[in-house]
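Here's a quick briefing for anyone opening this structure for the first time. Have a look at the sequence and the model, then read on.

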Amino acid sequence: MKIEKVKLTHVRMTLKAPFETSFGVIDTRDSILVEAYSDGVIGYGECVADRDPGYAYETSGTAWHILEDFIIPQVLVKTFEGPTEFPDLVSGIRGHQMAKAGLELALWDLQGKQQGNSLSEMLGGVRDKVDVGVSIGIKSTKEELLEVTANYLDLGYKRIKIKIKPGRDVGDTQAVRGAYPDLKLQVDANSAYTLETAEALMPLDDLGLLLIEQPLSEDDLWDHRVLQQKFKTPICLDESIHDPRHARQALEMGSTKVINIKQGRVGGITHSKAIHDLCQDQNIPVWCGGMLETGVGRAANLALASLPNFKLPGDISATDRYYEEDITEEVFILNSDSTINVPKSPGLGISINQDAVDRVKLKTISLP
Ligand code: OSB
Ligand code: MG
């Protein structure tokens with residue numbers, strides 16, 4: 001594989017409704033569309049870093065810089081087998097997993113198109129539709145949370161995740177559980193607690209939750225281990241897992257019983273597959289997280305979630321849950337059994353709506 005040109009486009013898309021998490025309110029979502037050119041074929045990827053460093057230290061600004069000045073120049077001067085070699089190619093660049101994942105995804109799409117295989121086929125996917133749920137932001141009142149939850153259940157989502165933060169945790173979760181005793185329910189704190197303040201979360205342990213996602217710091221494995229020992233509910237790590245080594249160490253320590261895999265956060269599809277395989281060997285279920293992606297990243301998430309050890313529903317919702325207009329021609333819809341179909345066409349199986357990109361474009365560059 002020889003990449004002749006890479007194009008980056010910074011886009012900013014308006015969410016249909018603001019999404020509040022413990023780290024702030026997201027009303028517009030930035031991302032970088034990555035295009036890799038080789039032999040007349042274009043592969044597309046999406047870098048999921050957001051405008052602000054609230055979820056992770058990376059931002060669309062840092063990712064742009066690292067891609068433009070370090071990652072792309074290295075890839076342009078090499079000839080290599082394909083995307084599985086990409087992590088080695090960029091191993092001299094520390095961190096910046098989201099920046100790396102954006103380009104790696106474009107290489108997967110490219111290789112899939114060249115060889116005529118869908119990403120799911122390339123990875124060894126075993127299902128053509130995947131179980132999905134919806135992630136609900138913090139609402140102003142419990143009543144509003146219950147109303148929004150009811151709306152998503154009406155639409156057919158069978159698994160609900162609610163965002164929590166100190167002061168808006170046990171009460172909100174009890175309200176949803178009270179209304180729906182049998183609902184598949186989980187919570188996500190996005191690193192808002194310390195070991196001390198997490199004491200307030202103990203009542204969650206009696207609510208039959210599927211899991212409690214990332215209660216403690218984004219860079220912490222040890223305190224999650226201490227917390228997991230107090231809870232019977234599985235702790236699930238999101239922010240803390242940046243690569244397969246972190247996953248192995250977290251499992252060895254007992255810091256987590258479930259892993260949320262986001263291909264952006266862990267440096268791409270190759271690392272995601274490695275984490276999946278490691279967890280599968282140890283009987284640890286994984287599920288596919290989301291970053292409010294455009295159709296590009298959503299297609300990748302669906303392909304990833306078709307792997308066998310994705311045992312819990314993913315945060316992969318229908319296009320109409322996020323955006324009025326997406327940048328892909330394809331629109332992802334929810335089936336009546338709370339699943340979304342895995343794309344079948346070569347690579348990511350999506351095509352870009354260039355007019356839609358132009359409507360949300362902030363800037364673009366081509367390298368070399
Ligand atoms: O922590 O899972 C998270 C969105 C942006 C940043 C972090 C997270 C989320 C979500 C939304 O929970 C998942 C989605 O529907 O894409
Ligand atoms: Mg999360």
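A residue is called buried when its relative accessible area is under 20%, exposed when it is over 50%, and partly exposed in between (1.4 Å probe, protein chains only). What you're looking at is a predicted model, where local features need pLDDT of at least 70, side-chain atom pairs count only at pLDDT 80 or more, and totals for chains, interfaces and linings use all residues. Residues are numbered from 1 along each chain as its sequence is written, chains are lettered from A and ligands numbered from 1 in the order in which they are written, and side-chain values use heavy atoms, with hydrogens and water left out.

- D188 sits in strand β7 (residues 184–188) and E213 in strand β8 (residues 212–213), so the two are 25 residues apart and link distant parts of the chain.
- Strands (E, at least two residues) and helices (H or I, at least four) are DSSP runs, numbered from the N terminus.
- D188 counts as buried because its relative accessibility is 1%, and E213 is buried too, at 0%.

**Salt bridges**

- A salt bridge here means a side-chain nitrogen of Lys or Arg within 4 Å of a carboxyl oxygen of Asp or Glu, and the count by this rule is 21.
- R29 pairs up with D50, their closest N and O atoms being 3.1 Å apart.
- R29 belongs to strand β2 (residues 24–38) and D50 to the loop between β3 (41–47) and α1 (60–76), so this bridge ties together parts that are 21 residues apart in sequence.
- Both R29 and D50 are buried.
- D337 and K129 form another bridge, with the closest N and O atoms 2.5 Å apart.
- That pair links distant parts of the chain, 208 residues apart: D337 is in the loop between α10 (295–304) and β12 (339–341), and K129 is in strand β4 (residues 129–131).
- D337 is partly exposed at 32% relative accessibility, and K129 is partly exposed at 36%.
- D358 and K361 also meet in a salt bridge (3.3 Å, N to O).
- Salt bridges with shared partners join R159, K161, K163, D188, E213 and D315 into one network.
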